[in-house]
Amino acid sequence: MSRPNATVNATADVELLRVFSTLMDERSLARTATRLGRSRDAVDTALRHLRRIFGDPLLLKDGPRMAPTERALALEASLRLVFAPPAQQQPPPARKRRARWRT
């Protein structure tokens, strides 16, 4: 039996991972907010949720940018593996056919 809020929770989880991924790219709350079309407060709230979920600060203030923790780097590597596009398989090379002439 599925939970009534399962879809809502899954959507929220995917959005949190999207915010995390963008934060890792941008290393800035403001630039992440701009890129995602959200407010800075919304990104800050998402980061607080992520910190609670993973039990780690994930990104720490380091001058004008944010520096990832070891846990954040490991999480990012795992996410890249999970969300990487599947390898494109090349079709096998076409076999050359010999024409046989009947005489």
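**Notes on the model**

1. Asp-25 is partly exposed, with a relative accessible area of 38%, where buried means under 20%, exposed over 50% and partly exposed in between (1.4 Å probe, protein chains only). Asp-25 forms a salt bridge with Arg-35, the closest N and O atoms being 3.3 Å apart, a salt bridge being a side-chain nitrogen of Lys or Arg within 4 Å of a carboxyl oxygen of Asp or Glu. Because Arg-35 lies in helix H2 (residues 29-36) and Asp-25 in helix H1, the pair ties together parts that are 10 residues apart in sequence.

2. On the basis of the work: this is a predicted model, in which local features need pLDDT of at least 70 and side-chain atom pairs count only at pLDDT 80 or more, while totals for chains, interfaces and linings use all residues. Residues are numbered from 1 along each chain as its sequence is written, and side-chain values use heavy atoms, with hydrogens and water left out.

3. Arg-35, which counts as partly exposed at 46% relative accessibility, also forms a salt bridge with Glu-26, with the closest N and O atoms 2.9 Å apart. Glu-26 counts as buried, at 18% relative accessibility. Salt bridges that share partners join Asp-25, Glu-26, Arg-31, Arg-35, Glu-76 and Arg-80 into one network, and the structure holds eight salt bridges.

4. Within helix H1 (residues 6-26), Arg-18 and Glu-15 lie three residues apart, about one turn of the helix, and they form a salt bridge whose closest N and O atoms are 3.3 Å apart. Arg-18 is partly exposed at 40%, and Glu-15 is partly exposed at 26%.

5. The chain has four helices and two strands, where helices (H or I, at least four residues) and strands (E, at least two) are DSSP runs, numbered from the N terminus. Along the sequence they follow the pattern α-α-α-β-β-α.

6. Which residues of H4 are buried? They are Ala-72, Leu-75, Glu-76 and Leu-79, and, seen down the axis of H4, they fall within an arc of 105 degrees (taken from the directions from the helix axis to the C-beta atoms), so they line one face of the helix. The face turned away from this buried side carries the exposed residues Glu-70 and Leu-81.

7. Val-82, in helix H4 (residues 70-83), is exposed, with a relative accessible area of 59%. Of the 103 residues of the chain, by contrast, 24% count as buried.
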